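Biologist: I have a protein to go through with you. Can we take it helix by helix?

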Amino acid sequence: MMNSKRNQTIAIARFLMYKHSLDQQLDGMTDEEYLADPIGLDVGSYVKDLMRYCPENVVDQVMEHQDALLRRLGTDYLSVIAFMPYEEDGGVRYA
């Protein structure tokens, strides 16, 4: 399991940016529009990365405070982090 701080940070940023994008898409969408074309069904891949790279208590905190984290960190900062590649060696080069 690659749970370097770098990979944890990237996984959290990707999840939060996905959540932000999803919230924007859902804003103003009617139930009928959603049922005709459901969005957000790929959230599992972002949660899977969170579970892969982060300890369970960190995942719980991110889930519980996701809106506050988005407000506090801002999408400009998060989008830069979200586009960074995961370190397959566990981030040992950055330790």
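Predicted model: local features only at pLDDT ≥ 70, side-chain atom pairs only at ≥ 80, totals over all residues.

Biologist: Within what arc do the buried residues of H6 fall?

Modeller: Helix H6 covers residues 75-82, and Leu78, Ile81 and Ala82 are buried in it. An α-helix has 3.6 residues a turn, so residues three or four places apart point the same way. Seen down the axis of H6, the buried residues line one face, because they fall within an arc of 100 degrees.

Biologist: What do the buried residues of H6 pack against?

Modeller: Take Leu78, Ile81 and Ala82, the buried residues of H6. Their packing partners are two helices: H1 and H5.

Biologist: How is H1 oriented to H5?

Modeller: H1 spans residues 5-26 and H5 spans residues 66-73. Their axes lie 10 Å apart, at an angle of about 95 degrees. Angles of 65 to 115 degrees count as roughly perpendicular. So H1 is, relative to H5, roughly perpendicular.

Biologist: How many nonpolar residues are in the contact of H1 with H5?

Modeller: H1 brings Phe15, Leu16, Lys19, His20 and Asp23. H5 brings Gln66, Asp67, Leu69, Leu70 and Leu73. By class, two residues are polar, three are charged, and the nonpolar ones number five.

Biologist: Which element has the highest mean pLDDT?

Modeller: The protein averages a pLDDT of 89. Among its elements, helix H2 has the lowest mean, 92. The highest mean is 96, and it belongs to helix H4.

Note on methods: Residues numbered from 1 in each chain as written. Heavy atoms only, no water. pLDDT = per-residue confidence, 0-100. Helix = DSSP H or I, 4+ residues; strand = E, 2+ residues; numbered from the N terminus. Axes fitted to C-alpha atoms, helices over the stretch in contact; angles between N-to-C directions. Parallel < 35°, antiparallel > 145°, perpendicular 65-115°, else oblique. Contact = heavy atoms within 4.5 Å. Nonpolar A, V, L, I, M, F, W, Y, C, P; charged D, E, K, R; others polar. Buried < 20%, exposed > 50% of the residue type's maximum accessible area, 1.4 Å probe, protein only. Arc of directions from axis to C-beta.
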